[in-house]
Amino acid sequence: MAMGSYICVRLLHALVILALVTMLVFVIAQLIPGDAVMAAMASSVDMNDPAVVARVRHQFGLDQSILVQFSNWLTRYLTGDWGTSIGTGQKVHAMFIQRLPVTLELFLGATAWSVMIGIPAGIISALKRNSVVDVAVSTGTMIGVSIPSFWEAIMLIYLFGVVFPILPPSGYVPFAEDPLLNLKSMVLPTFVLGTHFAGLLARYVRSSLLEVLSQDYIRTARAKGLSERAIIVLHALKPAMIPVVTVIGLAWAHMLAGAFIVEVIFAIPGLGRMSVDAIFQKDFPVVQATLIAVSVNVLVVNLLVDIVYGYLDPRVRVNQ
Amino acid sequence: MDSNPDRREFVLGFVAAAFGAMLAPQSAAASGALRDQPWAVWDYKNKPVRGGYFRTAVERYIGKMNPNHWPVLDWISMNYFHERLMLTDGEYKPVPWLLEELKFEDPQTVLMRLREGVEFHDGSKFNAAAVKYQMEWIRDPKSNAWTAAWLAPLVSIDVVDERTLRWKFNVAWAAFAGVMANAPGFAMSAAALQADVEKYDSEPRGTGPYLLEEASPDNFLKLKRNPNWWFARASGNSEMPYFDGIHISVIPDPAVRLANLRAGKIDALTLDKSQYAALKDDPSVTVYRLPASHVNALRFNTTKGVFQDVRLRTAVSHALDRKALIAGTQLGFARLASCMFPGDHWCHNPELAPVAYDPALSKKLLAEAGHANGLTVRGYYINTTMGQTIAEAVKNMLAKVGIDWQVDLLPATALATRMQALDYDLASSGWLFIHDPDLMPTGLYHPNGGFNFGRSKNDAAIALIEAGRREIDFDKRQKIYWQLEKVLYDAYEDAWLWWEETLVAYRKNVMGRDHENLLKYKDVWFWSHPLWFKDGKA
């Protein structure tokens, strides 16, 4: 199948999945006891005053039937009106647009760290297999994967924000406003988020490279007298990266969960923090918008991974 | 309601206080030429210096900046750009602020005189027409003001002259001054409301010492000095406010907020009690301990189940070692509670002593009530870290006298559901920001109260609550609430545990904080005595 047709088919599948996810999320959210109005007003406003509660519920359309709520929401969503956050009072679309670049920057930075650390570490580990270096790198990556990100974050804040105050302890400054301060403020959060995946990545790179290096064609290349460096760079690295690309893609897709912790600790106004706040507050409009965004993110990333996959290994062109 | 004061809780309690204030009677008259007020003393050892941006941190972003639109999540920040018609003093009594005088002509009519020379941030005048417009706007259903219900007794507002209004109510509304000290009392520019109400949610126009400079949702709020602040002129302190502005960072994690304070990135912070140890010997910071008008308690279901028996309620109350609870869960930073009103509140009955820890008495009472072999009761507590700690401690104390408290840790929504369904015997309770005295008793003990749902039906208490709402004479009203406390205390209606305290840390270069007078006058002192930086720099 030509690549173009393949992408179209995948996009169609994605839309169907999106629609199902959307409906499922909406229904499940309605089944959970209580809503954002109850959660927020339970401790603060007279629950026995129907006028106050009814006014707020009506304001957010929570007094309609589920079907009506879903249909209203879907119609508005498709026309760009993603509703109003019950937890903050802001328009959901505006919240999203404000926070998306922040989280994207966090993801890109984390991916950069994980690639910068993970791939070289994995390569070194594979080439120096069973040596002291291999053990050291493997231990390091294991520690990177195991350390809880909230602990790592707080330790780094105290180290570089308080004890040796060379970086801001928390907060976010947009790049357009102050590029240097933006980069400084994102060093620690991206590092924390990146080190987890770096460990994972290193292990994948190591095992993938080892597998490739054991292939016959590599033995042939050695027999032909090619240098080890040439063998690695020209023949081994590219096929070894195939599963690694998948891992990077999957990691990106799932980074939102880790992003929440990092965004809360470092006080970064991103999508992760917004999402979890919304879940705890039963802020349905935000939850729904976020879930759709996450689904789109996963679907798009998987599609991109498949395309890159095809490029890296011509044998894996889509053939349906 | 778990009383673990942080900013989110501040919001909830502020709202609760405002709502209850609507229902409560209030003193007959409150008046004040500014310079005649006991708190109007600015006798500084060091001359205030202008300059610098004061930096602080909060857990959550403010949300909407129209105090009558929901949600508002940071009322402290709200007070920087909006001011109220009334503030409260050291005993939580309303005192005029934007008002010069508030006088009851009769229990259902109030004459209100506004301060002279006050302007909104958009240059429009703070006058009788503006106040009238604002209040009518609040009451208009199209405005979606969640505070509309609090003005329910209001019949009409008449403009008498440029600075005078006559308010008429459909009942004796002694709580009126209390309401004006809360959310509906924040003065908003009528011109701005008329021009664009939606815009007001993010671009407020109050009368406060600071104007909104920049807002970045979930990130920060930046305010700049109001050079035309009326209070500077009226008080004769023309340089007020002294800071060039205020920068409020949103930092959800308390450990990170502390890190920012220690790194010198913020100048003041409300601390978690556990953070006191880390800061008490820090030479760059001063930590202040303040009483807070919050109470932490346990509520009984006195209309269903075993706690209809006052002996069992008494047994529970005496089984609790309140001193140990304070020492263990609050690290010593709380005051033993005798009843619901904090010790510094004007409605606190000074003759009531905290319930004594007496497990032997508890066991005796349990046996008398037919539970010599033990008693199993059900309940819930709010599912927070502090909630879990307190619930565990109380559970252990009750177990020692033979009471098995099967307590579920619940989030707010599930807790509200159980509370409404009266699906408990013993559960978490309390109140935040106890200002006007009617809100809490109504909420907890009146059939129409927002947190009762029929779990308490003490007829003597109900009669006193209703009497307190109508009584506009201050002394008589105070006696009513003292009596109310005694009635609830004698009936062991609830188990009151402690009154809260707050810890606030300031960097040493922040000047002007008079802790003694702040304790004496509280709210009105805080807002009338702005701080400054030594040398005018952060």
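Author: Two residues are taken to be in contact if their C-beta atoms, placed from the backbone, lie within 7 Å. With that in hand, and bearing in mind that this is a predicted model, one can say of chain B that, among contacts between residues at least 6 apart in sequence, 74% join residues at least 24 apart.

Reader: What is the corresponding share in chain A for residues 24 or more positions apart?

Author: In chain A such pairs account for 72% of the contacts with a separation of 6 or more.

Reader: Back to chain B, then. How many helices and strands does it have, and what are its spans along the principal axes?

Author: Chain B contains 19 helices and 20 strands, and its C-alpha trace spans about 70 × 55 × 40 Å along the principal axes. The radius of gyration of chain B is 23 Å, which agrees with the value near 24 Å that a compact globule of 538 residues would have. As for burial, 56% of the 538 residues in chain B are buried.

Reader: Which strand does β15(B) pair with, and do the two run parallel or antiparallel?

Author: Strand β15 of chain B, residues 375-382, is joined by eight bridges to strand β16, residues 403-410 of chain B, and the two run parallel. Within that pairing, Gly379(B) has Val407(B) of β16(B) as its bridge partner. Strand β15(B) is largely enclosed by the rest of the structure, because six of its eight residues are buried.

Reader: And how are β5(B) and β6(B) connected?

Author: They are joined by a hairpin through two residues. Six bridges link β5 (residues 99-106) to β6 (residues 109-114) of chain B in an antiparallel arrangement, and Leu99(B) stands opposite Leu114(B) in β6(B).

Reader: What about phi at Leu422(B), positive or negative?

Author: Leu422(B) has a positive phi of about 55° although it is not a glycine; this residue lies in the loop between α14 (412-420) and β17 (426-431) of chain B. Likewise, Tyr492(B) is not a glycine and has a positive phi of about 45°, and its place is in the loop between α17 (474-490) and β18 (494-507) of chain B.

Reader: Why does Tyr492(B) count as buried, and why does Leu422(B) count as partly exposed?

Author: The cut-off for buried is 20 or more other C-beta atoms within 10 Å. Tyr492(B) counts as buried because it has 21 C-beta neighbours inside 10 Å, whereas Leu422(B), with 16 such neighbours, counts as partly exposed.

Reader: Now chain A. How many helices and strands are there?

Author: Chain A has 12 helices and zero strands, and 39% of its 320 residues count as buried.

Reader: At what angle do α7(A) and α8(A) pack?

Author: Helix α7 (residues 149-163) and helix α8 (residues 179-213) of chain A pack at an angle of about 145°, with their axes 10 Å apart, and their crossing is right-handed. The residues that meet include Leu156(A) and Phe160(A) from α7(A), and Leu188(A) and Val192(A) from α8(A). By class, this contact has six nonpolar, two polar and one charged residues.

Reader: And α9(A), how many of its eight residues are buried?

Author: The count is zero, and helix α9 (residues 216-223) of chain A is accordingly hardly covered. Just after α9(A), Gly225(A) takes a positive phi of about 95°.

Terms used
Residues are numbered from 1 along each chain as its sequence is written. Chains are lettered from A and ligands numbered from 1 in the order in which they are written. This is a predicted model: local features need pLDDT of at least 70, side-chain atom pairs count only at pLDDT 80 or more; totals for chains, interfaces and linings use all residues. Axes are lines fitted to C-alpha atoms, for helices over the stretch in contact, and angles run from 0 to 180 degrees between N-to-C directions. Helices (H or I, at least four residues) and strands (E, at least two) are DSSP runs, numbered from the N terminus. A crossing is left-handed if the near helix is turned anticlockwise from the far one by less than a right angle, and right-handed if clockwise. Ala, Val, Leu, Ile, Met, Phe, Trp, Tyr, Cys and Pro count as nonpolar, Asp, Glu, Lys and Arg as charged, and the others, Gly among them, as polar. The radius of gyration is taken over C-alpha atoms; the globule rule is 2.2 Å times the number of residues to the power 0.38. A residue is buried if 20 or more other C-beta atoms lie within 10 Å of its own, exposed if 12 or fewer, and partly exposed in between; C-beta atoms are placed from the backbone. Two strands pair if DSSP finds at least two bridges between them.
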